[in-house]
Amino acid sequence: NIPKKIELIEVGPRDGLQNEPKPISTENKKELIRKLAKTGISRMETAAFVSPKWVPQMADADEISAYCNELGITYIALTPNLKAVERAILARVPQIAVFVGASTTFNKRNINKTTNESLKDCEDIFKKAKENGQFVRAYISMAFNCPFQGEVSFAEVNNVCQRFVELGADEIDIGDTNGHANPKMVYERISRLRDLYPDMVFVGHFHDTWNMALANTLAAMHAGVDKFDSSIGGLGGCPYSPGATGNLATEDLLLMLSQMDVETNVSYKELMDVAAFAKSLSSKLNSEADYNLSLH
Ligand code: HMG
Ligand code: MG
């Protein structure tokens, strides 16, 4: 019993490109976004209002957002703190995303705060965004496993999830940031969250480090999830999650869904052309050096 229709949310321009070792020009990013918009994808994560010192690839968030407004697409931008939301409001971003690690060690490395400090900051971030009519996506990162602490408990995940629900998140995105989840874990954990929060919209966000992202997606579909993030060409990885590779490739996800007669409104043929373009931008995918299938 799986959903008949799935929303594909493309995160390649953000999660995909943020970790590229060589700078990618703003013009190339715009071209990627323009091509993706033509495939039928309804929503994309295109920018991050983070510190350019921490993530230089996202330094052009203002220009990219202005371009997305010009194209008239629905897009999401990452906003880790209040300064970021203020920047996103000025840039007229329709949907923001906060990201809090269920594991405090990761959270500290990623945004320099403990999990509970981040949750406290979320109060002002949500308030500001909602006052300005923005849709709020809330990521629980390291929702299964963490490269620094190992398995993450359900209680740690629920601590973040419960707070996001209380603060009024429009959707909660379950992140397997380092790609070490497995389908059994995904099914059990997401089913439990859906039982606890039946009115909440959950999204699945799987990295493909162990080549299990597609299986994890199917497990989440069996748990009732009908929205998934994926990255064109399988680009990406979080700069603060050592060893993690790209997200589930959008074209692989679309192929599976179309073979299963699940509706997406996205054209496979057009998407394959964009995948080739996306891979041509990536020096990582061109070198293979970053594929990490080790068990650490
Ligand atoms: P910090 O150094 O702790 O911040 O960084 P601070 O408040 O002490 O400020 C230090 C400097 O940064 C100041 O500038 C601030 O103005 C500036 P200075 O006075 O030194 O010139 N600053 C900013 N500049 C631009 N935009 C901002 C901003 N905030 C402060 N918003 C901060 C804290 C959050 C900024 C930093 O840790 C950061 O940018 N981290 C980036 C983390 C990141 O982008 N990680 C990757 C995305 S998360 C991910 O990929 C996971 C996900 O895909 C889900 C999953 O897979 O699970 C979403
Ligand atoms: Mg990610």
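This report describes the barrel, core, ligand shell and selected residues of a predicted model.

## Barrel

Eight strands form a closed barrel in the order β1-β2-β3-β4-β5-β8-β9-β10, and their pairing is parallel. From one strand to the next, the twist averages 25 degrees. Helix α3 (residues 61-71) packs on the sheet, where it touches β2 (43-48) and β3 (74-78). The direction of α3 makes about 155 degrees with that of β2.

β2 and β3 are joined in the parallel sense over five bridges, and Glu45 has Ile76 in β3 as its bridge partner. Strand β4 (residues 95-101) pairs with β5 over seven bridges, also in the parallel sense; here Val98 is partnered by Ala138 in β5. β5 in turn runs parallel to β8, with four bridges between them, and Ala138 stands opposite Ile172 in β8. Five bridges then link β8 to strand β9 (residues 202-206), again parallel, with Gly175 opposite His205 in β9.

## Buried strands and core

Strand β8 (residues 171-176) is largely enclosed by the rest of the structure, because five of its six residues are buried. β3 is mostly covered, with four of its five residues buried.

The largest nonpolar core contains 86 residues. Phe49, Ala77, Ile96, Val98 and Ile140 have the most contacts inside this core. Val98 is also the residue that bridges to Ala138 in β5. Apart from neighbours within four places in sequence, Phe49 is in contact with Ala61, Ala77, Leu78, Thr79, Ala84, Arg87 and Ala88.

## Shell around ligand 1

There are 25 residues around ligand 1, and those that come nearest are Val50, Asn112, Ser141, Gly175 and Thr177. Two or more residues of the shell come from each of α4 (82-90), α5 (104-111) and β5 (135-141). By class, the shell is made up of 14 nonpolar, nine polar and two charged residues.

## Residues with positive phi

Most residues other than glycine have a negative phi. Asn112 is not a glycine, yet its phi is positive, at about 65 degrees. Asn112 lies in the loop between α5 and α6 (115-131). It counts as partly exposed because 13 other C-beta atoms lie within 10 Å, a number between the limits of 12 or fewer for exposed and 20 or more for buried. Asn112 is also one of the residues that come nearest to ligand 1.

Met142 likewise has a positive phi, of about 50 degrees, although it is not a glycine. Its place is the loop between β5 and β6 (145-146). Met142 has 31 C-beta neighbours inside 10 Å and therefore counts as buried.

## Pro13 and helix α1

Pro13 is part of helix α1 (residues 12-16). This residue is buried, because 27 other C-beta atoms lie within 10 Å. Not counting residues up to four places away in sequence, Pro13 touches Lys29, Leu32, Ile33, Met44, Glu45 and Thr46. One of these, Glu45, has Ile76 in β3 as its bridge partner.

Pro13 and Phe135 are 122 residues apart in sequence. In space, their C-alpha atoms are 19 Å apart.

Definitions and conventions. Residues numbered from 1 in each chain as written. Chains lettered and ligands numbered in written order. Predicted model: local features only at pLDDT ≥ 70, side-chain atom pairs only at ≥ 80, totals over all residues. Near = placed C-beta within 6 Å. Nonpolar A, V, L, I, M, F, W, Y, C, P; charged D, E, K, R; others polar. Pairing = 2+ DSSP bridges. Axes fitted to C-alpha atoms, helices over the stretch in contact; angles between N-to-C directions. Contact = placed C-beta atoms within 7 Å. Core = buried A, V, L, I, M, F, W, Y, C linked by C-beta atoms within 7 Å.
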